[in-house]
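Hi,

Here is the structure I promised to pass on.

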Amino acid sequence: MFATSFTGVWQQLLLVAFLAALLLCALPANSQSAPFKACLGTQLGVIPDIHGSSSADRLSVYSDLYSNCTYVEYNLELVGLDAAADLSFLSSITTIQGYLLVAGNQLQFVSIPNLLIIYGGDLFSGSAVYLSDNPALQELRLPELREVSKGFVAFPRNPSLCFVRYSVEWRALQQDTSGNNLTGAAPQSSCPGSCNGTYCWGNTTLQKSPFNYKGLPSCSAGSCTVATTRCVIGFTDRCCAEECAAGCSSGSSPSSCFACKQRPGLGSQRLSLDTSDSTCKAQDKCPSKRAAFMRCVPSCPEPLLYFEPANQCVRGCGIRDIDFQSRQCLTTSSSLNFCDFTSDSSAHGPLIHAGNIKALNGCQLVSGSILIHRISFTGYSGNGVTINPITVDDLEKYLGDIVTIQGFLAVVDVDAILPDLSFLATLTEIYGSHDSYQAFYSLYISGNSQLRSYNFPGLKSIQFGNIAVRNNPMLCSDIDWFHLVRKFSPRAAPDLKRSQCSRIRYRL
């Protein structure tokens, strides 16, 4: 009898140890995560030159953007990189609020080893994961990915991309896979190796996501509500709290969530993580009743603004006036003619071209950013995108009334005869709160071979972000940048000092 009891105890202990080991293996590797750091990411689309003039430039920008970053507020875009690009700086990222875009690269492998969740708050052509025109890409390695909350996945024109088409169980990551487009990836018959009967992202990269969405065999709990779509790891009959995204480690407590569920829209019921008790809770339950980057915060961090009606930290105030001293949206509305220039197309971001420039006709207050690039005048066709060109006269015709830009202004690599920026003569203010070029700059003027002066005499202030004025060989100006920029940064690098202007005939 003693032997039987002793054996039973050992069996129970072994069972407990087994379940503990199973849970430990199923937990995200980054559950003991690096210190939280939010970065803005980008919204520039698939045209490589918009991201930087060369692969080396683009890689440098991405490294600056994402080194030690854990949370990407916009989107993670990797565009136009050569085969030698080292992406190890992506290793700390756990969360992408928007989409993942990998386009026009010569890379063989893309690895984001600790990525846990892609929310799909912004989508690229309806997809939260979009890989296109990567002829050499063999593997996308996302071993810790647990959820794609919204949007589909698409892989057009990736002839060498293996595993994502037949060895990744997308049903474990998405609630709706009906719009997925996997056919652009390589078929199994043309791929080497196998996953040895398991699900995987590559020969050496298992898919660790537990298959715990409601409806899959490993999560058949009839008691789970519609809002609660995952089971506790290791159990088929225990439900995560409805506040959880990407699963949970134990029980139905909102303190056991791997990530907080994204609720649509703004407002006090949007879920955020309260780090004081590690609980996902509605924003109005946060100690300060304010949240940013899906975390409770004591106040809105720059460049976010406080929007009192929704008690929310926001990127921009739309048509409302702004008090920049307190960084708050006011209840009064601007008298300027308002234009929303944020939703034109994710394929090319805020690039000005023939297809969208007329939307700025008569506009005085621009919600969004303006990027004038060489491609604006030459046009572009590639990576599934066609851009028709504008002329210099179009700038004067359609941009001549702009007074305020809520995002950034960038004039980059323009070889056309553009002697000055007089088409922006009425511009008085750049906010830099809605977005910034390459995540740092509210005003970026670089690589313009014919630019000789600015000639926007009305510009009075740049509220957030930095400036970069460089590599404009003919440009000479006496603008006092220290006076314009609220927080001047050493990143700003005007081309010429006043004493050097004598060698150029044209001056501001």
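A definition before anything else: buried means under 20% relative accessible area, exposed means over 50%, and partly exposed is in between (1.4 Å probe, protein chains only). Helices (H or I, at least four residues) and strands (E, at least two) are DSSP runs, numbered from the N terminus.

Some housekeeping: this is a predicted model, where local features need pLDDT of at least 70 and side-chain atom pairs count only at pLDDT 80 or more, while totals for chains, interfaces and linings use all residues. Residues are numbered from 1 along each chain as its sequence is written, and side-chain values use heavy atoms, with hydrogens and water left out.

On confidence, pLDDT is the predictor's own score for each residue, from 0 to 100. The chain averages 83, and 84% of the residues reach at least 70. Residues 1–26 are below 50, and beyond near neighbours in sequence that stretch has 5 contacts in the model (contact means heavy atoms within 4.5 Å). Residues 502–508 are also below 50, with 20 such contacts. Where pLDDT is low, the predicted coordinates should not be read in detail.

Now helix H5 (residues 392–399). Its buried residues include Asp394, Leu395, Tyr398 and Leu399. They sit on the same side of H5 because they cover an arc of only 105° around the axis, going by the directions from the helix axis to the C-beta atoms. Asp393 and Lys397 are exposed on the other side of H5. The packing partners of the buried residues are strand S26 (370–373) and helix H4 (374–378).

The whole structure has 11 of them. In one, Arg374 meets Asp49 at 2.4 Å, N to O. That pair ties together distant parts of the chain, with Arg374 in H4 and Asp49 in helix H2 (residues 48–51), 325 residues apart. Arg374 is partly exposed at 23%, and Asp49 is partly exposed at 24%. Asp49, Arg58 and Arg374 are linked in a network of salt bridges.

Another pair is Glu302 and Arg327, with the closest N and O atoms 3.9 Å apart. Glu302 lies in the loop between S19 and S20, and Arg327 in the loop between strand S22 (320–323) and strand S23 (328–333). Arg327 is buried at 17%, whereas Glu302 is partly exposed at 36%. The peptide bond from Glu302 to Pro303 is cis, with omega near 5°.

Phe293 has a positive phi near 55°, and Met294 has one near 60°. Phe293 is buried at 16%, and Met294 is buried at 10%.

Cheers

Definitions and conventions: A salt bridge is a side-chain nitrogen of Lys or Arg within 4 Å of a carboxyl oxygen of Asp or Glu.
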